[in-house]
Amino acid sequence: MNHTAQHTKTHAQDSSVQLAISGATCASCVSSIEKALSNVEGVTSASMNLADHTAYVEGGAPTQALTQAVEAIGYGATLIEENDDVDAQRDEQEQKYYRQLIRDMIIALGLGVPLMLWGLLGGTMMVTPGSASQWGWLVAGLLTLAVLATAGRRFFVGAWKAFIHHNANMDTLIAVGTGTAWLYSMAVVLAPSVLPEAARHVYFEASSMIIGLINLGLALEVRARGKASQAIKRLLDLRAKTARVIDEHGNENDVPVEKIQLGDHIRVRPGEKIAVDGEVVSGSSFVDESMLTGEPLPVRKEKDTLVSAGTLNQQGTLTFRATRVGKDTALAQIIALVKSAQGSRPPIGRLADKISAVFVPSVIIIAIIAAMIWFNVGPDPRGVYALIALTTVLIIACPCALGLATPMSIMVGIGKAAEAGILIREGEALQKAANISVIALDKTGTITEGKPSVTQIITFGETDENTALALAAALEQGSEHPLANAVVNSAKEKNLTLPEATHFESANGKGVSATINNEQVVIGNLRWLEELGINTSACNDATTRITSDAGTPLYLARNNTVIAVIGVTDKIKVDARDAIARMHQLGLKVVMITGDIQSTAKAIAREAGIDDVIAEVLPADKAQKVKALRSGNQIVAMVGDGINDAPALAEADVGFAIGTGTDIAIESAGITLMRGSLHGVVDAIEISSATVKNIKENLAGAFLYNVLGVPIAAGVLYPFTGLLLSPVLAGAAMSLSSVTVVANANRLRLFKAHKHPSNTTRSDA
Amino acid sequence: MITFFVNGLGVGLIAATIWWFWIWTPRKGVAASNGHIALTVDNGTYTPALIDMQAGDAITLDIVRKDASPCSEFFIIDGLNISVQLPMNKPYQLVIEKPEAGEYAMHCQMNMYQGTLRVR
């Protein structure tokens, strides 16, 4: 999600605070505010930034005194707290809101239930003029008013505020529905003689019960939402609070994690969490990274390996140097990405958005029309029936269920994916991932381990293997290509002395040439050597031997004569074949895109079980090939890890970046896998399919509820069955409808990705 | 007489609903002061509900959410690909940079909070 949100931040020192200032418009305001803050006892310095409307205050003054000082001179001030605190306070706020809702429910049902029972047990709900019951109902009416003013206050205030903004919302429906029932009932109590005898019915119990039930529904929704956002809570809980920092004298001190600086050396003892990202400088241990990557096996860490914040050290002791702290750690970025993605909206929810935007006024109009019909052609007492229809339609309609249908499932689905080490950047990527028909895999680092090694050296003429390898390594030592690294590493392992090479020229994706001992030496692929006019006919047998073993041949020529063919092989990942089998079981066509020659590519494809191969593709052409795959109305996913995969990842309908790859690939992808296994791709597709299925269930349920509920509430069944829904039942149904949506979204939390090809199905929420 | 009155009231209410919620458009929104606009999320409404800005400008919304209801938690402007989670009672600064001219709906997750960002 490409939003430009900028979180608030806290000043780093304990004795300083940051305030958000409102109402300041000019330099003189700044001066007044700084002066007011400086005059507060305990303040050592105060400075305000007009650009971002924030003030930094040093010293030990209480926050309340600071905000009061600013407010006293006519401006607004609020304390800006760190996001961590905000996250921690969120639970507290939710609990407080939940308790309020339960309290309001008890108040409302405390009156509504006895009144309803009175009616159900044979007590009269009619008002007789001049009788004691009239006084009794007056008391009941005033008590109901107290319920509306306390337990129902939020609905009436919300409805009024929305009204004056020319807006209508859920509160509008509840306030108008319960308010109309109360007004009518009070009219009956105060002036019963004005109304026909049959119309002297009171509905105080309906107003109270509806307020109580809706508060109950909201409370249940808050609880269910809390469960839905557990993935974020779990990620937040991964953060360490302190770390043992070693100072320049070698002393160790426990320091709050927010005070760790780049370059600090940190000691991690057995069983401790890693506090920030860093590079191990001494020690060795196994670290459990499953909470970030989903990879169950602990990973060995030793000097020069990287560690991540939030992961758990096991038996050994490590000392590492902090390389990323605060919001720059991988964990902090994951949390930010998941939060952002959980708020994103996939296209599937847009129709619901359009409907919910005009829903409430539409329901008000339907309710008025229904009441008019009852009043004009309904049975006596027609006024009472009109009132029941009006109130019931207003109360039963539930825009919340429609509005919640998509975001709740997205929140749970993206959270569930994050728990499995799958970062889905936004809802749209999730929706597309559920509809993929073709999956294109990069070879190196995606299907294979990305650590190729020299497996064969076939020489011609008088050149021996070591000479050929030394020449090849001398050419390749400046390159970062994995195949070049394999050649250089092989020469190093054999302790070969590399000759001096000059006049390097690199043909991107094809090979390298240089001058060695006054001779022109080139190394590259077959096509490039042929372009250079070098006769390669003698290499056919060598090529066949190497490619049939899924190796990639590199051709080495000196003075336009091929002197060796070096076979470099990159092992297929151990679980690649299983993962590709799972892709097939999902009905996906699996294609490999590689720069390898056809015969090598086909050998790898055979071994991995891939359907189709696009071989001999230059890095710059990968995106073009993905575009071609998309041309036949196919939804194409691209999986890759390297810098050169970034354009192809961006071109695909959904890009999957293998998290062990480069940041550029990750930036270009809609979905990032925190571990290297291709099973993560299938897991992501399964979670996406389950989430989209869940959204569809929610949307269908919410649409159906309203499409059926509103006409029934309006009384369409009455002419045929004599059934007219009570407003109280409508309140209960309305409360349950949004709870049902949230509960259904929570079912996704139980989702488990399939690991065995034989059990895989496309969607299984 | 009563029938005429009730029907007249009904028709009048329908007309008023259509006019008040759908036809009426505010003439002027709130513009930024020094690039900042304070926006309050409370009682089912955004205040101000209409914000005016110039195309190509950047503004910062200082959003304070005072409503604990869960639906007010997300602040969304679909047209600008913005979706942010708001803390309670804490300012949240949202920078909107150089949007193209047009009207963008601001809303909560359930579309109950509604407002408009008008870029001219």
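Modeller: When two helices are compared, angles under 35 degrees count as roughly parallel, over 145 as roughly antiparallel, 65 to 115 as roughly perpendicular and the rest as oblique, where each angle runs from 0 to 180 degrees between the N-to-C directions of axes fitted to C-alpha atoms over the stretch in contact. This is a predicted model, in which local features need pLDDT of at least 70 and side-chain atom pairs count only at pLDDT 80 or more, while totals for chains, interfaces and linings use all residues. Residues are numbered from 1 along each chain as its sequence is written, chains are lettered from A and ligands numbered from 1 in the order in which they are written, and side-chain values use heavy atoms, leaving out hydrogens and water.

In chain A, helix 7 (residues 204-228) packs against helix 27 (residues 727-746) at an angle of about 5°, the two axes being 8 Å apart. Helix 7 and helix 27 of chain A are therefore roughly parallel to each other. Helices here are DSSP runs of H or I of at least four residues, and strands are runs of E of at least two, both numbered from the N terminus. The contact of helix 7 with helix 27 of chain A has 14 nonpolar, 5 polar and 4 charged residues; Ala, Val, Leu, Ile, Met, Phe, Trp, Tyr, Cys and Pro count as nonpolar, Asp, Glu, Lys and Arg as charged, and the others, Gly among them, as polar.

Another pair in chain A, helix 8 (residues 230-237) and helix 13 (residues 399-419), packs at about 35°, with axes 8 Å apart. From helix 8 of chain A, A231(A), R234(A) and L235(A) meet G415(A), K416(A), A418(A) and E419(A) of helix 13, contact meaning heavy atoms within 4.5 Å. By class, 3 nonpolar, 1 polar and 3 charged residues make up this contact of helix 8 with helix 13 of chain A.

Chain A also packs against chain B, where 55 residues of chain B are in contact with 67 residues of chain A. Between chain B and chain A about 5,300 Å² is buried, carbon and sulfur atoms giving 60%, and buried area is the accessible area (1.4 Å probe) that two parts lose on being put together, summed over both. On the side of chain B that touches chain A, two or more residues come from each of several elements, including helix 1 (2-23) and strand 8 (91-97) of chain B. Helix 1 of chain B gives the largest share of that side, 13 residues, and the residues of the side divide into 29 nonpolar, 21 polar and 5 charged.
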